[in-house]
Amino acid sequence: MSSDRLIVIGGVAAGTKAAATARRRNPAASVVVLQDEAEVAYSACGMPYHLAEGDEIPRRKLIARMPEAFRADGIDMRTRHRVEEIDAKRAIVTVRDLEAGRTYTESYDQLLIATGAQASALKASVSPTAPPIVQLRTLADADRIANMLVGVRKLVVLGGGYIGLEMAETARKLGLDVAVVEMAEHVIPTFDEAVSQVVEEELRRNNVQLFTGSRVVELDGGQVVLDNGDRIAADLVLVATGVRPSTALAAAAGVKLGATGAIAVSPRMSTNVQRIYAAGDCAESRHVVSDRPVWMPLGDVANRHGRVAGVNMAGGDATFPGVLGTAIFRVFDLAVARTGLGHADASAAGLFPVSGMIQAPSRARYMRGSTTVQIHLTVHEQSGQLLGCQVVGSDAVDKTIDTVAAAIWGKLTASDLLDLDLAYAPPFSPVFAPVQVAGEVLGKAVRAMRVELDAAVMRCMF
Ligand code: NAD
């Protein structure tokens with residue numbers, strides 16, 4: 001075992017996973033984690049739930065491991081230490097100790113950049129009388145919001161994506177009036193319109209005001225002013241208009257960025273610069289279906305990136321197999337999930353997709369809790385191979401999406417879904433699970449298209 005000096009920049013998901021993995025694999029290595037925030041290894045994904053249910057989910061429960069626990073395992077965990085520069089030629093980093101106010105350098109044998117992503121800035125004019133503006137990216141942001149929510153009546157959320165909708169639910173649960181402003185025609189615009197419409201109904205049912213196809217131009221006099229002239233009263237504004245990878249440090253050191261704007265990495269999570277790895281929200285992944293680089297800033301992906309980087313930094317040989325972009329979120333009583341490629345993305349990847357939507361009961365119809373689950377399936381027109389899926393409903397959504405994700409991974413076809421031996425009993429599923437109904441419908445569509453295609457070929461021959 002070599003006594004390499006491993007430095008990790010960033011101590012949330014990918015960084016701490018990599019550090020712990022490397023240290024476990026190579027106890028002789030000296031592992032230093034440099035984290036500019038005060039906290040490490042916390043669940044950013046859990047923050048909206050903590051804000052909604054502080055008694056049930058107190059702040060401490062979001063923190064997987066305290067800095068002392070890492071130190072007890074021999075990891076030199078330095079919080080409130082910000083890396084200001086990477087000198088890749090000399091293999092040193094310049095670090096600012098934010099508490100002591102001093103700057104020093106550290107040398108490395110292997111370096112991991114796990115700098116994450118940052119919230120997109122608000123693009124609107126902000127007057128001195130504007131309502132206060134917050135965003136939810138770090139635990140410090142969550143603390144700030146927790147304090148500011150006290151006494152607030154009206155929250156305006158900018159952005160109808162994952163965080164915007166999760167926080168709309170949180171704020172309604174806390175009794176606030178909530179409005180969501182989304183610049184696209186529908187909320188969650190990366191989903192099929194029919195899925196977005198189900199979500200919009202759920203938001204309205206829960207008294208969330210929606211302003212879609214609208215941009216904010218100004219925050220002024222306790223109001224949010226939209227481009228169509230509408231004015232929404234606000235005590236607090238949450239900006240949840242997306243994130244971008246934090247790559248400035250990497251780019252300045254000559255680390256190559258990919259077409260997505262995130263750091264380009266090999267399957268071993270190494271960058272173009274010798275001895276420098278990247279992982280987590282700052283790094284790209286390869287999409288398993290399109291075989292193209294994609295940027296998926298998701299917590300589970302970051303942890304899997306971190307594990308691979310940690311193994312390799314410790315002298316091992318692990319590869320990251322890629323992503324399907326599987327994701328799920330809850331909004332009030334609905335779960336919304338996706339995996340693989342949607343119809344448009346599959347077309348853009350040159351895959352000739354065919355897509356269909358089905359609605360089916362989530363359990364045997366006579367059982368309490370049986371509700372309609374809506375499944376959008378996309379398959380390859382010629383082979384019937386599964387390419388992607390979106391699911392919305394209040395029951396059976398997670399198992400449906402996970403089944404399809406596993407099936408896409410295993411290169412199964414729509415018709416194969418019907419043959420899967422899935423768990424059945426009336427409280428859990430109908431005899432044919434909704435995912436099997438979707439598979440049958442799409443399988444038939446593909447077969448019908450093949451018959452049509454064969455007939456066309458015959459017509460051409462004669
Ligand atoms: P997002 O990309 O999910 O949504 C941002 C939304 O803001 C989009 O709908 C976009 O059209 C809209 N928008 C952009 N500019 C706007 C403007 N000027 N005015 C109005 N709307 C505007 O991003 P997010 O909700 O900020 O979440 C950040 C990241 O965290 C995402 O990458 C997301 O994948 C991740 N996340 C994932 C989960 C999950 O998987 N359950 C949960 C929370 C966050």
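Visitor: So buried means under 20% relative accessible area, exposed means over 50%, and partly exposed is in between (1.4 Å probe, protein chains only). Which of these is E68?

Guide: E68 counts as partly exposed, because its relative accessibility is 47%. Before we go on: this is a predicted model, in which local features need pLDDT of at least 70 and side-chain atom pairs count only at pLDDT 80 or more, while totals for chains, interfaces and linings use all residues. Residues are numbered from 1 along each chain as its sequence is written, and side-chain values use heavy atoms, with hydrogens and water left out.

Visitor: Fine. What does the side chain of E68 meet in a salt bridge?

Guide: The side chain of R71, with 4.0 Å from N to O. A salt bridge here is a side-chain nitrogen of Lys or Arg within 4 Å of a carboxyl oxygen of Asp or Glu. R71 counts as partly exposed, because its relative accessibility is 39%.

Visitor: How far apart are R71 and E68 along the helix?

Guide: They are three residues apart in helix α4 (residues 67-72), so about one helical turn separates them. Helices (H or I, at least four residues) and strands (E, at least two) are DSSP runs, numbered from the N terminus.

Visitor: Why would such side chains pair at all?

Guide: Side chains of opposite charge can pair when their charged atoms come close.

Visitor: How many salt bridges are there in the whole structure?

Guide: A search finds 21. One of them joins D76 and R78, whose closest N and O atoms are 2.8 Å apart.

Visitor: Is R78 buried or exposed?

Guide: Buried, because R78 has a relative accessibility of 14%. D76 has 32%, so D76 counts as partly exposed.

Visitor: What does R153 pair with?

Guide: R153 and D177 form a salt bridge through their side chains, at 4.0 Å from N to O. This pair links distant parts of the chain, 24 residues apart: R153 is in the loop between α5 (139-149) and β11 (154-158), and D177 is in strand β12. R153 is partly exposed at 47% relative accessibility, and D177 is partly exposed at 38%.

Visitor: New topic, the ligand. Which residues come nearest?

Guide: I163, E182, P189, G242 and I328, out of 19 residues around the ligand. A residue counts as near if one of its heavy atoms lies within 4 Å of the molecule or strand in question.

Visitor: What about the backbone of I328?

Guide: A backbone N or O atom of I328 is 2.8 Å from a ligand nitrogen atom. That is a polar contact, meaning a pair of N or O atoms within 3.5 Å; within protein, one must be able to donate a hydrogen and the other to accept it, and residues adjacent in sequence count only if both atoms are side-chain atoms.

Visitor: How much of the ligand does the protein cover?

Guide: It covers 79% of the 840 Å² of accessible area that the ligand has on its own. Such areas come from the Shrake-Rupley method with a 1.4 Å probe; for residues, only the protein chains shown count as cover.

Visitor: Which element gives the most to the shell?

Guide: α6, with four residues.

Visitor: Which other residue of α6 is worth a look?

Guide: T170 lies in α6, which runs over residues 162-173. It counts as buried, because its relative accessibility is 2%. Apart from neighbours within four places in sequence, T170 is in contact (heavy atoms within 4.5 Å) with P48, L51 and A52. A polar atom of the T170 side chain is 2.8 Å from the backbone oxygen of P48.

Visitor: Last one. Which loop holds A91?

Guide: A91 is in the loop between β4 (81-87) and β5 (92-97). Its phi is near 55°, a positive value in a residue other than glycine. A91 is buried, at 5% relative accessibility.

Visitor: And where is N207?

Guide: N207 is in the loop between α7 (193-205) and β13 (208-212). Phi of N207 is also positive, near 60°. N207 counts as exposed, because its relative accessibility is 56%.
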